[in-house]
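User: I have a structure to read and some terms to sort out. Can we go through them one by one?

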Amino acid sequence: MYEPIRTKSVHSMADEPQYPHRSREEELDIQLAGHLAALLAVTDELGLDEPAEAIAAQVSRLRGAPPARHAALTHADADALHRRALALAGRALVVAASRADTAAAILSAERIDAHTAALKSRDLVGAP
């Protein structure tokens, strides 16, 4: 009554793709390392050596290599730098929490507290 199909269907699934896939965990590691590296650049610019070393250690752990350190200073306003660092630390905290990275989450929370305190000392937390 019917004849069997002799050719491959054009609707069949393609063979395995030829590009590498990363797991969700790997993607989160990359994202977290990026946020921490950006935070490191701002922290270096603020001249906060001890926190910068702690952040660099976390970036090294995530990337498997030491991070490039911020070489050129922008001479931006310290308040603007603290606001930027606060935002970056918040982003890092969200990613660290989603991947259950306790060490990075604690470090990010500490940086949030430190930058919030620095801004409060100038009464600038609520300022745009």
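User: Where does the chain take a positive phi just after α1?

Analyst: At G47, with a phi of about 75°. This is a predicted model, where local features need pLDDT of at least 70, side-chain atom pairs count only at pLDDT 80 or more, and totals for chains, interfaces and linings use all residues. Residues are numbered from 1 along each chain as its sequence is written, and side-chain values use heavy atoms, without hydrogens and water.

User: What makes α1 a helix, and what is its span set against?

Analyst: Helices are DSSP runs of H or I with at least four residues, numbered from the N terminus. α1 covers residues 24-46, which is 23 residues. The expected span is 1.5 Å times one less than the number of residues. α1 reaches 33 Å from first C-alpha to last, close to the 33 Å expected.

User: Why are α1 and α2 called roughly antiparallel?

Analyst: Two packed helices are described by the angle and the distance between their axes. Axes are lines fitted to C-alpha atoms over the stretch in contact, and angles run from 0 to 180 degrees between N-to-C directions. The axes of α1 and α2 (residues 49-63) cross at roughly 155° and come within 9 Å. Angles over 145 degrees count as roughly antiparallel, under 35 as roughly parallel, 65 to 115 as roughly perpendicular and the rest as oblique. Therefore α1 and α2 are roughly antiparallel.

User: Which residues of α1 and α2 meet?

Analyst: Contact means heavy atoms within 4.5 Å. In α1 they include L32, L36 and L40; in α2, I55, V59 and L62 are among them.

User: How many helices and strands are there in the protein?

Analyst: Four helices and zero strands. Strands would be DSSP runs of E with at least two residues.
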